[in-house]
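This briefing covers charged and aromatic side-chain contacts in one protein model. The sequence and structure come next.

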Amino acid sequence: MHDSGDGIWDDGEWISWGWINQQLYQQELEAAYPAATLETVEVFEDLVDSAMRYHQTTGRYLQIWGELGELYAEIKYGLRRHAPGTKGSDGRLGDDWIEVKTISPEKTDNKVLVKRAGNFNKLLVVKIDEAFGFESRLIDRSALKGRKAKHMRFSWENSDGDAE
């Protein structure tokens, strides 16, 4: 420590404000994402930060929306993802088979289509806004429109699903 303002004296040693702030930040992350490991949350935050910086630098979006949506579902809800390439659903949440769809800031209509043939009983829609904020809704398959067609659809604006 260069200055007594750089930390506090506790139990015979100096503790820096940087260390204290890091501990508080980790506690906030653990409270916001109780179903995830701290390392996974940090990877998610690093990816979101990289996507934001890429957009600020290039004016283009980095095309990682689907992965960000699934990773968000993993850390926010505790989704246990299937192995890559598994057909029918993206993972499990308790006894439910979950399909994850992501609405990116590039999308103008805020609707998603999902194959009726998919093996899932809940749809988790993750919406990412222009400021890289995340919202989500968990929808029961029976609430989707177009159940007799090849694809079922969900509209963010016209839904009253389980919103966060």
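The notes below take salt bridges, then aromatic rings, then charges over rings.

This is a predicted model, in which local features need pLDDT of at least 70 and side-chain atom pairs count only at pLDDT 80 or more, while totals for chains, interfaces and linings use all residues. Residues are numbered from 1 along each chain as its sequence is written, and side-chain values use heavy atoms, with hydrogens and water left out.

**Salt bridges**

- The structure contains six salt bridges, each defined as a side-chain nitrogen of Lys or Arg within 4 Å of a carboxyl oxygen of Asp or Glu.
- One of them joins the side chains of Glu 67 and Arg 81, at 3.0 Å from N to O. This pair connects distant parts of the chain, since Glu 67 is in helix H3 (residues 65-77) and Arg 81 is in strand E3 (residues 80-81), 14 residues apart. Helices (H or I, at least four residues) and strands (E, at least two) are DSSP runs, numbered from the N terminus.
- Glu 67 and Arg 81 also belong to a salt-bridge network that takes in Glu 70 and Glu 74.
- Asp 140 pairs with Lys 122, with 3.5 Å between the closest N and O atoms.
- Glu 99 and Lys 101 form another salt bridge, at 3.8 Å from N to O.

**Accessibility of the paired residues**

- Buried means under 20% relative accessible area, exposed over 50%, and partly exposed in between (1.4 Å probe, protein chains only).
- Glu 67 is partly exposed at 43%, and Arg 81 is partly exposed at 28%.
- Asp 140 is partly exposed at 35%, whereas Lys 122 is buried at 18%.
- Glu 99 is buried at 12%, whereas Lys 101 is partly exposed at 25%.

**Aromatic rings**

- The whole structure has seven aromatic pairs. Rings of Phe, Tyr and Trp (its six-membered ring) pair if their centres lie within 6.5 Å; planes under 30 degrees apart count as stacked, over 60 as edge-to-face and the rest as tilted.
- Phe 44, Tyr 72 and Phe 134 are joined into a cluster by ring pairs.

**Charges over rings**

- A charge sits over a ring if NZ of Lys or CZ of Arg is within 6 Å of the ring centre and within 35 degrees of the ring normal.
- Arg 92 sits over the face of Trp 97, 4.5 Å from the ring centre.
- Arg 141 sits over the face of Phe 120, at 4.5 Å from the ring centre.
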